[in-house]
Amino acid sequence: SGTGKELLARYIHANSRRAERIYLAVNCGAFTEGLLANELFGHERGAFTGANESKKGLIELASGGTLFLDEITEMPPSMQVKLLRVLQEKEVMRLGAAHSTKVDVRFIAATNRNVQESVKNGSFRNDLYFRLNVVSLHLPSLVERKNDIPLLSYYFLNKHAIAMQKGVKEISPEVMEILMQYEFPGNIRELENVISRGVALAQGDRIEIEHLPEDLKLFHVKIFRKKDGKIPSLEEQELDYIKWVLQEVGGNKTLAAQTLGIDRVSLWRKLKKFGLLDE
């Protein structure tokens, strides 16, 4: 999730001979079985209570173009059978119709699951998998492509600065270091959210550490940064951490001690040791 599956699907469509035709997308996990069937196949007038008019389904509407089926492994088994027939026969039948309609659709399917595991455990039909799996594309997670982080970060910075009409133009080296170290479980979508937040909170022209979400601020103290080319000692790390906590709690030593998980006397000793009593 969050790697840009639909973006790639749109790119494939836009750079194909179907580019001038329609592109449609549907999330197969966002509907109940009945609603998904209606969305994909459509219905004839009177097919069910409330069906006052005929309606084309997305498969029929996408004829000549591309239909993107996101989270395909969430599709109910009965729907998988119906989709397999469309792929094999290149025709679709609306709910309540007496005759089928020929269609010419490029199908692009995506999932955040391991499809082969879904086939093995029986939740996804193997014949549908083999029918769909003509060309398989793997989108790596952001942690597998960390060199893309600076480029993506500045792309999102420019995008959201324009949208918010703000003069934010830079990302501080400290923030970029955190972004490069962080694993981003939400992938590119999470990175965009972080940058969007930074742009929204920034008062000047640069995103700083204080503009990051709380989990990334906490992650910051866990990064073992080199100082003057040397790995910092445990004592140096402790000093940096205490100074950061004090800054976060506005210099409140009682709250800082609670945050650090020590009593106030222990904090006082550490402050004296590091020469921070006057700070």
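Reader: How many of the residues of the chain count as buried?

Author: Buried means under 20% relative accessible area, exposed means over 50%, and partly exposed is in between (1.4 Å probe, protein chains only). Here, 39% of the 279 residues of the chain count as buried. Bear in mind that this is a predicted model, where local features need pLDDT of at least 70 and side-chain atom pairs count only at pLDDT 80 or more, while totals for chains, interfaces and linings use all residues. Residues are numbered from 1 along each chain as its sequence is written, and side-chain values use heavy atoms, with hydrogens and water left out.

Reader: How many helices and strands are there in the chain?

Author: Helices (H or I, at least four residues) and strands (E, at least two) are DSSP runs, numbered from the N terminus. This chain has 13 helices and nine strands. Its radius of gyration is 27 Å, well over the 19 Å that the globule rule gives for 279 residues, so the chain is more spread out than a compact globule. That radius is taken over C-alpha atoms, and the rule is 2.2 Å times the number of residues to the power 0.38. Along the principal axes, the C-alpha atoms fill a box of roughly 85 × 40 × 40 Å.

Reader: What order do the strands of the open sheet have?

Author: Two strands pair if DSSP finds at least two bridges between them. The order in this three-stranded open sheet is 1-4-7, with parallel pairing. Strand 1 (23-27) and strand 7 (106-109) are the edges, each pairing on one side only. Strands 1 and 4 (residues 66-70) pair over five bridges, and Leu 24 has Leu 67 in strand 4 as its bridge partner.

Reader: Now salt bridges. Which residue does Glu 60 form a salt bridge with?

Author: The test is a side-chain nitrogen of Lys or Arg within 4 Å of a carboxyl oxygen of Asp or Glu. The structure holds twelve such bridges. Glu 60 forms one with Arg 94, the closest N and O atoms being 2.9 Å apart. Glu 60 sits in helix 3 (residues 58-61) and Arg 94 in the loop between strand 5 (91-92) and strand 6 (101-102), so the pair ties together parts that are 34 residues apart in sequence. Both Glu 60 and Arg 94 are buried.

Reader: And Glu 192: buried or exposed?

Author: Glu 192 counts as buried, at 18% relative accessibility. Its salt bridge with Lys 159 has its closest N and O atoms 2.8 Å apart. Lys 159 is partly exposed, with a relative accessible area of 39%.
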